[in-house]
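Subject: Structure handover

Hi,

Here is the structure I promised to pass on.

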Amino acid sequence: MSLLNSYSIAHLVLWFVAGRFTRMGWAAFLVLSIGWEFLELLLPFEFALESTGNKLADLVVNVVGFALGRRFRSARPRGPQ
């Protein structure tokens, strides 16, 4: 099993959108991101069965996606002054 998979792209896109289009801060992001990875340990579904390395890679991808989304949010025009 590789560290990155098709769900990694979904993680990147999801957290990019959250970072870009919401006012979510880093604390809420970390709680949701890490919380979901812990919740997956308890879920009886095949998509949740991942190696520890893949779980850590998911967290890295989440941080990259959220950080990129926030960067693009701060770069957008603010409207007429």
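Below is what I found in it.

First, the ground rules: this is a predicted model, so local features need pLDDT of at least 70 and side-chain atom pairs count only at pLDDT 80 or more, while totals for chains, interfaces and linings use all residues. Residues are numbered from 1 along each chain as its sequence is written, and side-chain values use heavy atoms, with hydrogens and water left out.

On confidence, the protein chain averages a pLDDT (the predictor's confidence in each residue, from 0 to 100) of 88, and 89% of the residues score at least 70. Helices here are DSSP runs of H or I with at least four residues, numbered from the N terminus. Confidence is highest in helix 1 (residues 6–21), with 94, and lowest in helix 3, with a mean of 91.

Now the salt bridges (a side-chain nitrogen of Lys or Arg within 4 Å of a carboxyl oxygen of Asp or Glu). There are three of them in the structure, and E37, E40, E50 and K55 are linked by them in a network. K55 pairs with E40 at 2.7 Å between the closest N and O atoms. Since K55 lies in helix 3 and E40 in helix 2, that pair ties together parts 15 residues apart in sequence. K55 also meets E50 at 3.3 Å, N to O, and E37 at 3.8 Å, N to O.

How buried is K55? Its relative accessibility is 9%, which counts as buried (buried means under 20% relative accessible area, exposed over 50%, partly exposed in between, with a 1.4 Å probe and protein chains only). E37 is buried too, at 5%, and so are E40 and E50.

Next, N54, which also sits in helix 3. N54 is buried, with a relative accessible area of 0%. Leaving aside neighbours within four places in sequence, N54 is in contact (heavy atoms within 4.5 Å) with S2, L3, L4 and N5. The N54 side chain reaches the backbone oxygen of L3 at 2.5 Å. N54 and S2 are 52 residues apart along the chain, yet their C-alpha atoms are separated by 7.1 Å.

Not counting residues up to four places away in sequence, F29 touches W15, M24, N62, V63 and F66.

Cheers

Key. Helix = DSSP H or I, 4+ residues; strand = E, 2+ residues; numbered from the N terminus. Polar contact = N/O pair within 3.5 Å; in protein donor to acceptor, adjacent residues only side chain to side chain.
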